[in-house]
Amino acid sequence: MIRLEHVDKRYGNGHMALSGVDLVIRRGEFVFIVGPSGSGKSSLIRLLYREELPTTGDVYIDQFHLTRMRRSQVPRLRRQLGVVFQDVKLLPQRSVAQNVAFAMEVVGASSRDIAKRVPAVLELVGLARRRESFPHQLSGGEQQRLGIARALVNNPVYLIADEPTGNLDPDTAGEIMRLFLEINRRGATVIMATHARDLVNQVQRRVVAIEQGRIVRDELKGAYGHEA
Amino acid sequence: MKPKILWYFGRETGYGLWRNGWMTLASVSTVAISLFVLAFFIVLSVNLNHVAGVLESEVEVRVFIHQHVPRTSEIRLMNEAKHWPDIRHITFFTKTQAARQLQSEFPDQKDLLQLIDQSNPLFDGYDVYTRQATQIPQVANHFRSKKIVESVVYEGLVAKRIDRVTEVVRAVGWGIEALLALATLSIISNTIRLAVFARRREIGVMKLVGATDWFIRWPFVMEGMVLGLVGAVAADVLVNYGYRWAIGAAVSAMPFWPVAPLSMVLDHTIWVTIATGLVIGALGSLVAVRRFLRV
């Protein structure tokens, strides 16, 4: 379970990104975090994988208390999470398969597990035939799928995605969304920050809306927003 | 450590050094030059010690024995002194031998020689050599405490001065070595920093997928140690050939000057340069990586 209690986040320049956020996400849920640009969605996502710490308040993920944990414990937390970044963060000198295998190598997985797991994940995201390609040879949608494959390869309990369909055409975005739904159906908790109004409205999952750093709406089977 | 992980570290180290080829070459040369200067100083220090050692071995204590002491007592004390731990060598001379030595050293002093011929006023005694110059005063006192000893003469001041010079040279040496170590540290650290900077994206991704700090550090630390090691070996090769040449030149220019043999010099330089290279390589890398791990 993910729990945020009275979380404020103020950056060094004085900008108040989040204010008084309380949020509980249970295992197995599919949650959209929606809101206009600069509303605090990305800040919220970054708190979850502890790239940022809250200025005040507490963040808990399962047994981890993110605001109190030692630095040496952070890798253990991150191995529970799969993160899909807004800018994908692929390694340009490594092939598709190597990008995915890299995530397993650095957590000390055995060669046998890597050889078994990498093709399976590439199959799931539909990149099995591009395994020898390099990131610059992939389309935007394929790059995003590679990012998802890397996030999935270590079997995370939580899959966290920041605008994964941000730069994609509607068809490709739809494909990516179906992939996330499939991953969720297989048991992973999915938390996705997004702008994609149509997709959110189509799939009817829990929607947490943020405006000016505050949660203004939290609906099960919600829609993107009434105001627009 | 699992072989798989070790293989990963080795591969990453190799990639890193290869990818930054020119920078690798530049830093190995700089490290080699710094370590060569370090080695040069060690060579100097080894040679000074060697010279001091040779000079010390030539410093003697001369012990004179009272007149009319039976020869058996004189020999007994000499045999006893041979077992004192500070004494390297001791020889006995009679007053007749002393007179002959005086005659050969000062053949022109006619009055003196005449006096000695008439009635020899000299004493029987010992020439004593200690293991180290610092032991001379206590050996002298030891002899003075013996009843049959008339007097003891030694070059106490010379011994003390040699030791003082050696001490100063060693202190200055440590200072220079420390400064050079700092300079080398910063060179290696900067090289590794470039390597780390080129791979900061990877490091960021590694951190975010849950790699531990040490997992990220190891390849860079190994890279730094390889730079240090290769630099040290290059410096030692230079010292080897340079010193051979220097010995040749020194022996022909100053045949009487005691030069430390090559093996004695290399015994010191090899270990110091390799250990310094490895330690500084590792430290430099740790310093360089630190900032990039805060993700």
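How many of the twelve residues of helix 3 of chain B are buried? The count is one, and helix 3 of chain B is hardly covered. This is a predicted model, and the report below takes its two chains in turn, then their contact.

**Chain B**

Chain B has ten helices and four strands. Along the sequence the order is α-α-β-α-β-α-α-β-α-β-α-α-α-α. Of its 295 residues, 29% count as buried. Residues 24 or more positions apart make up 86% of the contacts in chain B with a separation of 6 or more.

Helix 3 of chain B covers residues 71–82. At 1.5 Å a residue, its twelve residues should span 16 Å. The C-alpha atoms at its ends are 17 Å apart, which agrees with that expectation. One buried residue among the twelve is what leaves this helix hardly covered.

Helix 9 and helix 10 of chain B pack against each other. Helix 9 of chain B runs over residues 213–253, and helix 10 of chain B over residues 262–290. Their axes are 7 Å apart and meet at an angle of about 155°. Angles over 145 degrees count as roughly antiparallel, so helix 9 of chain B and helix 10 of chain B are roughly antiparallel to each other. Their crossing is right-handed. By class, the residues of this contact are 21 nonpolar, ten polar and four charged.

Arg217(B) sits in helix 9 of chain B. Is Arg217(B) buried or exposed? Arg217(B) counts as buried because 21 C-beta neighbours lie inside 10 Å, and the cut-off for burial is 20 or more. Apart from neighbours within four places in sequence, Arg217(B) is in contact with Leu286(B) and Val289(B). Leu293(B) is 76 residues away from Arg217(B) along the chain, yet the C-alpha atoms of the two are separated by 8.7 Å.

Ala26(B) belongs to helix 2 of chain B, which spans residues 21–58. Ala26(B) is partly exposed, with 14 other C-beta atoms within 10 Å. Its C-alpha atom is separated by 8.7 Å from that of Thr191(B), 165 residues apart along the chain.

**Chain A**

Chain A has seven helices and ten strands. It holds 228 residues, of which 43% count as buried. Among contacts in chain A with a separation of 6 or more, residues 24 or more positions apart account for 66%.

Helix 4 of chain A (residues 111–125) packs with helix 5 of chain A (residues 140–152). The angle is about 140°, and the axes are 9 Å apart. Helix 4 of chain A contributes Val121(A), Leu122(A) and Val125(A) to the contact. Helix 5 of chain A contributes Arg145(A), Ile148(A), Ala149(A) and Leu152(A). By class, the contact has six nonpolar, no polar and one charged residues.

| Helix pair | Angle | Axis distance |
|---|---|---|
| Helix 9 and helix 10 of chain B | about 155° | 7 Å |

Two residues of chain A stand out for their backbone. Arg50(A) has a positive phi, near 60°, and is a residue other than glycine. Arg50(A) lies in the loop between helix 1 (41–48) and strand 4 (56–61) of chain A. With 21 other C-beta atoms within 10 Å, Arg50(A) is buried.

Gln204(A) is not a glycine either, but has a positive phi of about 55°. Where is Gln204(A) found? Gln204(A) is in the loop between helix 7 (197–203) and strand 9 (206–211) of chain A. Gln204(A) counts as partly exposed, having 13 C-beta neighbours inside 10 Å.

**Where the chains meet**

The contact takes 15 residues from chain A and 15 residues from chain B. On the side of chain A that touches chain B, the elements giving two or more residues are helix 2 (74–78) and helix 3 (96–105) of chain A. The residues on that side divide into seven nonpolar, three polar and five charged.

Definitions and conventions
Residues are numbered from 1 along each chain as its sequence is written. Chains are lettered from A and ligands numbered from 1 in the order in which they are written. This is a predicted model: local features need pLDDT of at least 70, side-chain atom pairs count only at pLDDT 80 or more; totals for chains, interfaces and linings use all residues. Axes are lines fitted to C-alpha atoms, for helices over the stretch in contact, and angles run from 0 to 180 degrees between N-to-C directions. Angles under 35 degrees count as roughly parallel, over 145 as roughly antiparallel, 65 to 115 as roughly perpendicular and the rest as oblique. A crossing is left-handed if the near helix is turned anticlockwise from the far one by less than a right angle, and right-handed if clockwise. Ala, Val, Leu, Ile, Met, Phe, Trp, Tyr, Cys and Pro count as nonpolar, Asp, Glu, Lys and Arg as charged, and the others, Gly among them, as polar. The expected span of a helix is 1.5 Å times one less than its number of residues. Two residues are in contact if their C-beta atoms, placed from the backbone, lie within 7 Å.
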